[in-house]
Amino acid sequence: MAFDKSVFEFNELFIHFKLFKLFHIFHLFDPNCKKLWNFNVYHLAWYTIYCVIGCTITFGLMGYFTEMEDEFNIVNHIQIIFCNLSYYLCLVKSITFFYKANDIWNLLNVTRIHFMTSTQCQKHFEILHKYRKKLIKITTYIIIFASTIAIQWFLCPLLMMLLHKEHANQSNQRFENIINLQFPVTISYYNNNFVIFYIIELSIMLFLLYMYLLSEIFFISLCFAFIAQYEVIKITYENVNSELNSKNNNENKNDYHVSDCFDDLASIMKDQQKLFEKLKLFHSTYKFIIESCLVLYSGLFIIFIYASAVIFTSSESKSMLYLIKLISAFGFAFIILLLLCYLFERINNNVESVHFGMYSCNWTSMNLRSKQMLLLSMRLNNANELLMMKITPRKIINLQFFNSVMITCYNILSAMLNISSKYKIK
């Protein structure tokens, strides 16, 4: 059944429905959205914006290939690298979203509170509401945190221009901008038209921020939906035979009753298989995006560590605003990378925990037919456990992967400090 947002109220969906409407997320995937030349009008608008931004960033990098009057420090280079990687990451996400829009639209079914239809599963829907409250809090915190960092980046060049305007004119240096793209223009032309260049970079960063928050909120919502749905499956298996046995024990405590749970197990297994199909669709849709995100986030994290080591070991004085921008970007990359690894580990653990839920049920009091159905469910779940998101054929995306990235960063930092102590890096 295709997802149809028009027939659901906001309290019938696991996602933060109002936030999704505010960010116009549904318009990107809705097959019934307005079309122009058989293309979604929102897709065409986004492609146009990406082309304009791509041309602007390319023009802003031409300074690397022409002789410039001023020199750029390492912080400027890091900001440009950050902007370019963010642009390409958002572009990869958007192309994947547009190319697989129909699959993602169908994937939204898993965010329905009543996605699982078995009577036993419907008794534990309070778990979904509990996770929904957590999801709303986390997405709100992410938006506040990202917006705070963005405002800090937007205001930083204005403050530095006010504080060092005379010094910049005397030293024949460009005014600081948000990401300091190296436009191939003279210093005087750049400073005289600083407002225009500031608006250009502000527009680029605002769009990238919007696209970034949209994709992250959507991804986190889907992950929380799978975590909550699998927890419902686990608890349902644990309690599948408890109510029937409690009734039998109340009727006659001395007799041993064999219960028939075949229909309940069959309906639960049907929901479990339906959820597994959505998980497979999620993996196939998001695999390239997740791999790209983790590689770029890990690379950014290592680059920030390297830049921090160079800045703090250098004898050249740096403005405190420089350091604040680096630390904020460094902290945001740290939190997002940790959150991605944590969510995938939770999904993997919840898929595995379903097996323990099956063992925890009162299977000894079931009849032979019910035991056979339970055994079939166990075999099915064993096959489901093989589906895990991996960054390499052997490396699973989990907190251990995050730990390996941190160890790599620590080794780089140690190497930088050792080199600086020997050769006195300036």
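**Ground rules.** I number residues from 1 along each chain as its sequence is written, and I use heavy atoms for side-chain values, leaving out hydrogens and water. Since I am reading a predicted model, local features need pLDDT of at least 70 and side-chain atom pairs count only at pLDDT 80 or more, while totals for chains, interfaces and linings use all residues.

**Entry 1: α3 and α4.** I began with helix α3 (residues 41–60) and helix α4 (74–99). Helices here are DSSP runs of H or I of at least four residues, strands are runs of E of at least two, and both are numbered from the N terminus. The axes of α3 and α4 lie 11 Å apart and the angle is about 160°. Axes are lines fitted to C-alpha atoms, for helices over the stretch in contact, with angles from 0 to 180 degrees between N-to-C directions. I therefore noted α3 and α4 as roughly antiparallel to each other. For such labels, under 35 degrees is roughly parallel, over 145 roughly antiparallel, 65 to 115 roughly perpendicular, and the rest oblique. The crossing of α3 and α4 is left-handed; that is, the near helix is turned anticlockwise from the far one by less than a right angle, where clockwise would be right-handed.

I then listed the contact (heavy atoms within 4.5 Å). From α3 come His43, Trp46, Tyr47, Tyr50, Ile53, Gly54 and Ile57, and from α4 come Cys83, Asn84, Tyr87, Cys90, Leu91, Ser94, Ile95 and Phe98. Nonpolar covers Ala, Val, Leu, Ile, Met, Phe, Trp, Tyr, Cys and Pro; charged covers Asp, Glu, Lys and Arg; the others, Gly among them, are polar.

**Entry 2: α3 and α10.** Next I took α3 with helix α10 (residues 194–238), whose axes come within 11 Å and cross at roughly 135°. That makes α3 oblique to α10. The crossing of α3 and α10 is left-handed. On the α3 side I wrote down Trp46, Ile49, Tyr50, Ile53, Thr56 and Ile57; on the α10 side, Ile200, Ile204, Phe207, Tyr210, Met211 and Leu214. The contact of α3 with α10 has eleven nonpolar residues, one polar and no charged.

**Entry 3: α4 and α10.** The axes of α4 and α10 come within 10 Å and cross at roughly 50°. That makes α4 oblique to α10, and their crossing is left-handed. In α4, Phe82, Cys83, Ser86, Tyr87, Cys90, Lys93, Ser94 and Phe97 meet Ile204, Met205, Leu208, Met211, Tyr212, Ser215 and Glu216 of α10. I sorted the contact of α4 with α10 into ten nonpolar, three polar and two charged residues.

**Entry 4: cavities.** How many cavities of 30 Å³ or more does the structure hold? I found three. On a 1 Å grid over the protein atoms alone, a cavity is a set of points where a 1.4 Å probe fits but cannot get out, and lining residues have an atom within 4 Å of a point. Points are joined across faces, edges and corners, and a volume is the space filled by probe spheres set on them.

The largest cavity has a volume of about 410 Å³. Its lining has 21 residues, with Phe82, Ser86, Leu209, Tyr212 and Phe332 nearest the centre. α4, α7 (126–163), α10, α12 (262–313) and α13 (320–360) each give two or more residues to that lining.

Lys93, Ser215, Glu216, Phe219, Tyr286, Ile289, Ile290, Cys293 and Leu340 line it. α12 gives the most to this lining, with four residues. The classes are six nonpolar, one polar and two charged.

**Entry 5: a pocket.** Last, I looked at the second largest pocket, which holds about 190 Å³ of space. A pocket is an open set with protein on both sides within 12 Å along at least five of seven lines. Its lining residues include Phe29, Asp30, Lys35, His43 and Phe98.
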